[in-house]
Amino acid sequence: MSDSSAVRTDTPVLDVWCELQCPDCRGALDDVRALRARYGDRLELRLRHFPLEKHQHAFAAAQAAEEALEQGKGWAYVEAVLERVEELDRRGEPLLVEVARELGLDAEEFDTALIDGRHILVVDADQAEGKAIGVTGTPTYVVGGERLDGGKSQEGLRERIADIVDRLLADGTA
């Protein structure tokens, strides 16, 4: 869910490098929700895709998240899929379409998007950018030019991210 347009804004951006089949990313949801609640519109949260080869359905899930974004429920979809990581392991793409249906999205369009691969380039671009900046696992956060690896431990990351965002907002250097 990236919009890498060159528009300059004073709103800090938190890139959340995530993989929807990753149990650690599910564990990070509480931090993401807390940051969203704390900052609201003063912080732009961007989901960045980093599907890992060890997870068979991660690439399809990333494409599905892009389709959900197009249909207006990107983060809701991401959260719903992450809450069902184990089920995604077992069921794969049928679960992705089912979650779309449960959220009131156009499930047929989801199925078509997964077949025609219309979102592959976005997912590939995110993954390539992640590799270029040193992302090796998920979740990884980038805010204010600082990369924080949540795959090793989520301990203290919410506070560290908040410290950086507070500094950026105070300095006006987002």
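Start by selecting helix α5, residues 93-102. Its buried residues are L95, L96, V97, V99 and A100, where buried means under 20% relative accessible area, exposed over 50% and partly exposed in between (1.4 Å probe, protein chains only). Now show what covers them: the list includes α2 (58-70), α3, α4 (85-91) and α6. Helices here are DSSP runs of H or I with at least four residues, strands are E runs of at least two, and both are numbered from the N terminus. Step off the end of α5 and you land on G104, with a positive phi near 80°.

A word on what you're looking at: this is a predicted model, so local features need pLDDT of at least 70 and side-chain atom pairs count only at pLDDT 80 or more, while totals for chains, interfaces and linings use all residues. Numbering runs from 1 along each chain as its sequence is written, and side-chain values use heavy atoms, with hydrogens and water left out.

Next, pick Y77 and F110. The structure holds 1 aromatic pair, and this is a tilted one, at 5.1 Å centre to centre with 40° between the planes. For the cut-offs, rings of Phe, Tyr and Trp (its six-membered ring) pair if their centres lie within 6.5 Å; planes under 30 degrees apart are stacked, over 60 edge-to-face, and the rest tilted. The pair links distant parts of the chain, with Y77 in helix α3 (residues 74-82) and F110 in helix α6 (residues 107-116), 33 residues apart. Y77 is buried at 0% relative accessibility, and F110 is buried too, at 1%.

R36 lies over its face, 5.2 Å from the ring centre; the test is NZ of Lys or CZ of Arg within 6 Å of the ring centre and within 35 degrees of the ring normal.

Now for the core. Select L14, L20, Y77, L82, L96, Y141 and I161: these have the most contacts inside the largest nonpolar core, which has 44 residues. Such a core is a set of buried Ala, Val, Leu, Ile, Met, Phe, Trp, Tyr and Cys residues joined through side-chain atoms within 4.5 Å. Apart from it lies another core, of 5 residues, among them F50, L52, V135 and V142.

Leaving aside neighbours within four places in sequence, Q127 is in contact (heavy atoms within 4.5 Å) with H49, F50 and P51. Q127 is buried, at 17%.

Then select α8, residues 157-171, which reaches 21 Å from its first C-alpha to its last. Where do its buried residues L157, I161, A162, I164, V165 and L168 sit around the axis? They cover an arc of only 165°, so they are on the same side of α8; the arc is that of the directions from the helix axis to the C-beta atoms. What covers them includes β1 (13-18), α1 (23-39), β3 (140-143) and β4 (146-149). Just after α8, G172 takes a positive phi of about 65°.

Last stop: G150, in the loop between β4 and α8. G150 is buried, at 2%. Beyond its neighbours within four places in sequence, G150 is in contact with P139, T140, Y141 and L157. Click on P139, in the loop between α7 and β3: a cis peptide bond joins T138 to P139, with omega about -5°.

Terms used. Expected span 1.5 Å × (residues − 1).
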